[in-house]
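Trainee: I would like to go through the aromatic side chains here. Can we take the rings step by step?

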Amino acid sequence: QVQLVESGGGLVQAGGSLRLSCAASGRPFSNYAMSWFRQAPGKEREFVAAISWSGAVTHYADSVKGRFTISRNNAKNTMYLQLNSLKPEDTASYYCAAAPSLHYSGIYYYTAPEAFEYWGRGTLVTISE
């Protein structure tokens, strides 16, 4: 079992920044590939960013590329998402997710929600005009 807890959400103006954190506990954090997803009211959950077990490989949705940065600190069992140049359309609940890493098989990250065993409860990000 892996427990995930997100934090750092809030209300900011368009153009502002936030830093989300995802604290993990349970099994060794470095065993897992991690991702961020988001879900806006009335919309499906969508992939935002992914990071490999070591942090060496990252991947972003086109909608956030160049504005968001994913990172992790395995010593602190924590993953981060730096959100810059925020837009009203970034308003959503943001969720972190963990899936066993298969890097030895050449799979460094996942983007499909179905791939993930463990999810946090989310943190709300609201961007005002």
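**Aromatic rings and their partners**

Mentor: In this predicted model, ring pairs join Phe37, Phe47, Tyr110, Phe116 and Trp119 into a cluster.

Trainee: How many aromatic pairs does the structure hold?

Mentor: Rings of Phe, Tyr and Trp pair if their centres lie within 6.5 Å. By that rule, the number of aromatic pairs in the structure is 6.

Trainee: What kind of pair do Tyr32 and Tyr118 form?

Mentor: The centres of Tyr32 and Tyr118 are 6.1 Å apart, with 80° between the planes. The Tyr32 and Tyr118 pair is edge-to-face.

Trainee: How many residues apart are Tyr32 and Tyr118?

Mentor: Tyr32 belongs to strand β4 (residues 32-39) and Tyr118 to strand β10 (residues 118-119). The pair links distant parts of the chain, and the separation in residues is 86.

Trainee: Which class does the pair of Phe37 and Trp119 fall into?

Mentor: Phe37 and Trp119 lie 5.0 Å centre to centre, with 55° between the planes. That pair also links strand β4 with strand β10, its residues being 82 apart. The class of the Phe37 and Trp119 pair is tilted.

Trainee: Why does Trp119 count as partly exposed?

Mentor: Buried means under 20% relative accessible area and exposed over 50%. Phe37 is buried because its value is 0%. Trp119 counts as partly exposed because its relative accessibility is 26%.

Trainee: Which ring does the charged end of Arg19 sit over?

Mentor: Arg45 lies over the face of Tyr95, at 4.0 Å from the ring centre. For Arg19, the charged end is 4.0 Å from the centre of the ring of Tyr80.

Definitions and conventions: Residues numbered from 1 in each chain as written. Predicted model: local features only at pLDDT ≥ 70, side-chain atom pairs only at ≥ 80, totals over all residues. Heavy atoms only, no water. Phe/Tyr/Trp six-rings, centres within 6.5 Å; stacked < 30°, edge-to-face > 60°. Helix = DSSP H or I, 4+ residues; strand = E, 2+ residues; numbered from the N terminus. Buried < 20%, exposed > 50% of the residue type's maximum accessible area, 1.4 Å probe, protein only. Lys NZ or Arg CZ within 6 Å of the ring centre and 35° of its normal.
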